[in-house]
Amino acid sequence: LLRGEPRSRTLAARGPAQLLGLSEEVFMPLARKLGLIEAGTRADWLWQHPAFAHLGWSVLLDLALDFQPRYVSPGESVYEAGDMAAEAYLLVSGAIAVYNRAGQLLEVMTRPGQFFGTRATLLARPHRTTKISNQSGELWALSPAALQRFQLVYPNLLLHMHMVETTHPAP
């Protein structure tokens, strides 16, 4: 409905339920104000990636609402080794070079859907590597509060993020 496409899915209520129907004239201004249209686009993007395809659309939308897009330019530092983690990231587009503390290139992340910075952000620890954008791209950032909420509400999703996250041995 957010982009003119109805969504349908069979849901079973486990108890008494009351549904609220809103006309497009009422719903769309609210959706724009709450950022639901952009979040719906992000949820659809997540759903198209195998790492997230098994999750329900409502879980993806919940996750997408917390993601904050960040656009990076070539040469821009995402974070430095030793910096306290402030956000975790999902690579949407572009390329992120990963360096150890000695400045040696470990890899260049180019696969959309790769997480990084999750563990350090969740544990409130410094980053072990430096991440620098190699080209223009888009990242989606998750705050520590959002990660903590997901750990409580969707513990399996956070475990999944840890498994998908690119990890490196300590430098």
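1. Ser77 is partly exposed, with a relative accessible area of 28%; partly exposed lies between buried (under 20% relative accessible area) and exposed (over 50%), computed with a 1.4 Å probe on protein chains only. The model is predicted, so local features need pLDDT of at least 70 and side-chain atom pairs count only at pLDDT 80 or more, while totals for chains, interfaces and linings use all residues. Residues are numbered from 1 along each chain as its sequence is written, and side-chain values use heavy atoms, with hydrogens and water left out.

2. Apart from neighbours within four places in sequence, Ser77 is in contact (heavy atoms within 4.5 Å) with Arg70, Lys131 and Ile132. The C-alpha atoms of Ser77 and Ala97 are separated by 9.5 Å, and these residues are 20 apart along the chain.

3. Ser77 belongs to strand S2, residues 77-79. Strands are DSSP runs of E with at least two residues, numbered from the N terminus.

4. An open sheet is formed by four strands in the order S2-S7-S4-S5, with antiparallel pairing; two strands pair if DSSP finds at least two bridges between them. S2 and strand S5 (105-109) are the edge strands, each pairing on one side only. From one strand to the next, the twist averages 25°; axes are lines fitted to C-alpha atoms, and angles run from 0 to 180 degrees between N-to-C directions.

5. Strand S4 (residues 96-99) and S5 run antiparallel and are joined by four bridges. Opposite Glu107 in S5 stands Val98.
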